[in-house]
Structures are given as structure tokens and as C-alpha cells.
Amino acid sequence: KTAAETGALAKAADPHQQRLAIGLPRVRRFGAGGCQVVAYAAGFPMQAVKLLVAVIGYFRRHGDPALPSALFAISDSYTDLKNYGDALRCCQEGLPLARSQGRDQLAAMFLFKTAELNYMLGRKEETLNNFEESVAIFENMKNYRWAAFVHGQIADLYSGMMDVATIEARGIAPLKPYLDRIAAIATREDLARMMGQPGYAS
């Protein structure tokens, strides 16, 4: 059945489907690395997202254990597109899957990426919690290189939050691009488009 489905994809007129047919065996064999092969073959980043969506759909239909790896790969592509909301949703889906498979390294990486995304979205408390969960897994695995790196990220986060003098000196300057976009809204369509962007939903 798998061979037949892959053969059908190979004959499809859509070049994305053709690349999917070529890439699926690599994805199964190499996990996230295979997903990246498929993504870069498609042409990064928008085509990569389309192709990885197809890969993820295939894995969901077949209950393929490589699904969390594919979710991690597409979260990278969404991040490159600055689509932090979809990237975060992929991490939130992939984390429990990685944990259920006993893939501690991947679970820790999902938490680390979730922390980065929460930081991009201005959620500093969630960022800190994610970093701390991630470092606990790395330390339990005795992966001290990554544990030390995440500790450094936590220290940087605390430093940024505690540097009151710099925060006061900058005033509302960091908010100006957001305020300018709000001020430029002229129609309901403008408002709808803005609220679809990270950081503007509320």
C-alpha cells in the first residue's frame, strides 16, 4: 500500500507531490533530518511549509512515529516565516508525542523552541518555565553541553528583566512600531489583518 501510494505521488502533476514521493522514505529513515531534506528540496520557506504539511498529514493518517520529528521541522519553517503562532502550535502538538515515545532529547528541544517562540510573543514567564523544563531534561540525560547553553539563556532572560535602568531609559521606544501600526488602521480589513499577526491578537 505504501509503495503504491508513493508511486501515485511520483506520477502526480504537482511538483510538490513529486518531491513528497521522493522525500517520504528519507523522512522515515532519518526523522527530522529527512524532513529538512524534503523541505529544502521544495525551496525554503513557503514551499517547505506546504510540503511538510503534506508529510505531516501522511504521518497522521498512518500513525507514523516520525510525526513529532516532522512537527519539529515545520515549526522551524514557520519560525523562519515569522509565523510564531503556528510554530508554537506545532511544538505543543509534538511535545507530548515525543514524551510518549520516550524521546527525551526531542522533548527537550521542543521545550527549548517553545521557550524561544514564547519570548518572540512577549510571554516571558512562559519562556522561563519552558527553559527550566528543558534544562531539567538535559541534565537528567547528562547532556551537560546543552544544559549549560540553556542555563545561559535563562541568565540572559533574567538580566534583561532586571535591567531596570535600561528599561526606563528606552521608555516606550520598543512599542513604537506596534503603536504606529495601530495608528495606521483605517478600515475593518486593516484591523482584521493586524489582529492576525503575532502580538496583536488581543
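A residue counts as exposed when its relative accessible area is over 50%, and as buried when that area is under 20%. The structure described here is a predicted model. In this model Lys82 has a relative accessible area of 56%, and therefore it is exposed. Lys82 is located in the loop between α5 and α6. Its backbone also deserves attention: although Lys82 is not a glycine, its phi is positive, at about 60 degrees.

With a relative accessible area of 59%, Lys142 is exposed.

The largest nonpolar core contains 41 residues. Within this core, the residues with the most contacts are Phe59, Ile74, Phe110, Phe131, Phe138 and Val150. At least two core residues are supplied by each of α4 (46-62), α5, α6 (84-100), α7 (104-120), α8 (124-140) and α9 (144-162). The largest share, nine residues, is contributed by α7. In general, nonpolar side chains in soluble globular proteins tend to be buried together.

Apart from its neighbours within four places in sequence, Phe110 is in contact with Pro68, Leu71, Phe72, Cys90, Cys91, Gly94, Leu95 and Ala98.

Ser75 belongs to helix α5, which spans residues 67-80. Because its relative accessibility is 0%, Ser75 counts as buried. When neighbours within four places in sequence are set aside, the contacts of Ser75 are Ala87, Cys90, Cys91 and Lys113.

Helix α5 also packs with α4. A pair of packed helices is described by the angle between their axes and the distance between the axes. The axes of α4 and α5 come within 10 Å and cross at roughly 160 degrees. Since an angle over 145 degrees counts as roughly antiparallel, α4 is therefore roughly antiparallel to α5. The crossing of these two helices is left-handed. On the α4 side, the contact is made by Ala48, Val49, Leu52, Val53, Val55, Ile56, Phe59 and Arg60. On the α5 side, Leu67, Ala70, Leu71, Ala73, Ile74, Ser77 and Tyr78 take part. The residues of this contact comprise 13 nonpolar, one polar and one charged. Two of the residues named in this contact, Phe59 and Ile74, are also among those with the most contacts inside the largest nonpolar core.

Definitions and conventions
Residues are numbered from 1 along each chain as its sequence is written. This is a predicted model: local features need pLDDT of at least 70, side-chain atom pairs count only at pLDDT 80 or more; totals for chains, interfaces and linings use all residues. Side-chain values use heavy atoms; hydrogens and water are left out. Helices (H or I, at least four residues) and strands (E, at least two) are DSSP runs, numbered from the N terminus. Buried means under 20% relative accessible area, exposed over 50%, partly exposed in between (1.4 Å probe, protein chains only). Contact means heavy atoms within 4.5 Å. A nonpolar core is a set of buried Ala, Val, Leu, Ile, Met, Phe, Trp, Tyr and Cys residues joined through side-chain atoms within 4.5 Å. Axes are lines fitted to C-alpha atoms, for helices over the stretch in contact, and angles run from 0 to 180 degrees between N-to-C directions. Angles under 35 degrees count as roughly parallel, over 145 as roughly antiparallel, 65 to 115 as roughly perpendicular and the rest as oblique. A crossing is left-handed if the near helix is turned anticlockwise from the far one by less than a right angle, and right-handed if clockwise. Ala, Val, Leu, Ile, Met, Phe, Trp, Tyr, Cys and Pro count as nonpolar, Asp, Glu, Lys and Arg as charged, and the others, Gly among them, as polar.
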